[in-house]
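Visitor: I would like to learn how to read a fold like this one, feature by feature. Could we go through it slowly, with the general idea before each case?

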Amino acid sequence: MKRVTAIYPGSFDPVTNGHLDLIHRGAKIFDELVVAILRNPEKDPLFSVPERREMLEAMTEDLPNVHVDEFQGLLVDYARTRNAAAVLRGIRAISDYEYELQMALMNRKLDPGLETIFMMPAEKYSYLSSRLVREVARLGGSVEGLVPPMVAERLRSKVNGVTSSK
Ligand code: PNS
């Protein structure tokens, strides 16, 4: 029987409840879902890739068909190494659509055999992004309900300068 693997790529800096909502939805429809963190040397992230990976692994340990990995370079090349048939991306609002469509069509140009599947997170997460979470945390606001408690704790430590493992 054919098993369908999908890649859920992203920066996940840090993982939010919106990402987790999408991971749970994806895990229900794909045989295997690989959450793939982009190693992007051009970006200056708040959390290092190992830190982001650790948080994602902790948050998905109850999902046996979800695996966390890292990649660099083209997503289509990485997807091929995992034998993936699809890329999963979340669309929160119409404003996401243009960028996501552009990426999906570029990926299709690069690999016509790889499909992009869009899913919508719960409406209560439609305004949520890692960028806003970082900003709120940096400015001392509460991120309760936006990220899992473990991530909120790591954010607090990070913005208070308690850890410096970057
Ligand atoms: O969470 P993000 O930052 O919106 O994720 C963007 C990501 C990682 C999906 C995208 O930047 C990506 O796929 N980068 C890999 C490079 C690539 O394949 N580029 C060409 C296709 S658009």
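Guide: Let us begin with burial, where the general idea is that a residue counts as buried when its relative accessible area is under 20%. In this predicted model, Arg89 is buried because its relative accessible area is 17%, and Glu100 is buried as well, at 5%.

Visitor: What do the side chains of Arg89 and Glu100 form where they meet?

Guide: They form a salt bridge, with an N to O distance of 2.8 Å. This pair links distant parts of the chain, since Arg89 belongs to strand β4 and Glu100 to helix α4, 11 residues apart. The whole structure holds 15 salt bridges, and some of them join into a network, namely the one that links Arg39, Arg53, Glu57 and Glu70.

Visitor: How far apart in helix α6 are Arg156 and Glu153, and why does that matter for reading the pair?

Guide: The general idea is that an α-helix has 3.6 residues a turn, so residues three or four places apart point the same way. Arg156 and Glu153 are three residues apart in helix α6, and therefore about one helical turn separates them. Their salt bridge has its closest N and O atoms 3.1 Å apart. Arg156 counts as partly exposed because its relative accessibility is 45%, and Glu153 counts as partly exposed at 42%.

Visitor: Which residues of helix α5 are buried, and how are they arranged around the axis?

Guide: In α5, which spans residues 130–138, the buried residues are Ser130, Val133, Arg134 and Ala137. They lie on the same side of α5, because the arc they cover around the axis is only 100°. Among the elements that cover these buried residues are α1 (17–29) and α6 (149–159). After α5 comes Gly140, with a positive phi near 85°.

Visitor: What do the buried residues of α6 pack against?

Guide: They pack against α2 and α5, and the residues in question are Val151, Ala152, Leu155, Ser157 and Lys158. α6 in turn is followed by Gly161, whose phi is also positive, near 75°.

Visitor: Which residues touch the most other members of the largest nonpolar core?

Guide: That core has 35 residues, and those touching the most other members are Tyr8, Ile23, Leu33, Val35, Leu56, Val143 and Leu155. Elements giving two or more residues to this core include β1 (5–10), β2 (32–38), β3 (66–71) and β4 (86–90), together with the helices α1, α2, α5 and α6.

Visitor: Is Leu75 buried or exposed, and which residues are in contact with Leu75?

Guide: Leu75, which lies in helix α3 (residues 75–81), counts as buried because its relative accessibility is 13%. Leaving aside neighbours within four places in sequence, its contacts are Ile7, Pro9, Val87 and Asn107. Leu75 and Ile7 are 68 residues apart in sequence, yet their C-alpha atoms are 9.0 Å apart in space.

Visitor: Which residues form a nonpolar patch on the surface?

Guide: Ile94, Tyr97, Leu101 and Leu105 form such a patch, and together they have about 400 Å² of accessible area. Tyr97 sits in helix α4 (residues 94–110) and is partly exposed, with a relative accessible area of 39%.

Methods: Residues numbered from 1 in each chain as written. Predicted model: local features only at pLDDT ≥ 70, side-chain atom pairs only at ≥ 80, totals over all residues. Heavy atoms only, no water. Patch = residues over 30% accessible without salt bridge, like charges linked within 9 Å, V, L, I, M, F, W, Y side chains within 5 Å. Areas by Shrake-Rupley, 256 points an atom, 1.4 Å probe, with all protein chains shown as cover. Salt bridge = Lys/Arg side-chain N within 4 Å of Asp/Glu carboxyl O. Helix = DSSP H or I, 4+ residues; strand = E, 2+ residues; numbered from the N terminus. Buried < 20%, exposed > 50% of the residue type's maximum accessible area, 1.4 Å probe, protein only. Arc of directions from axis to C-beta. Contact = heavy atoms within 4.5 Å. Core = buried A, V, L, I, M, F, W, Y, C linked by side-chain atoms within 4.5 Å.
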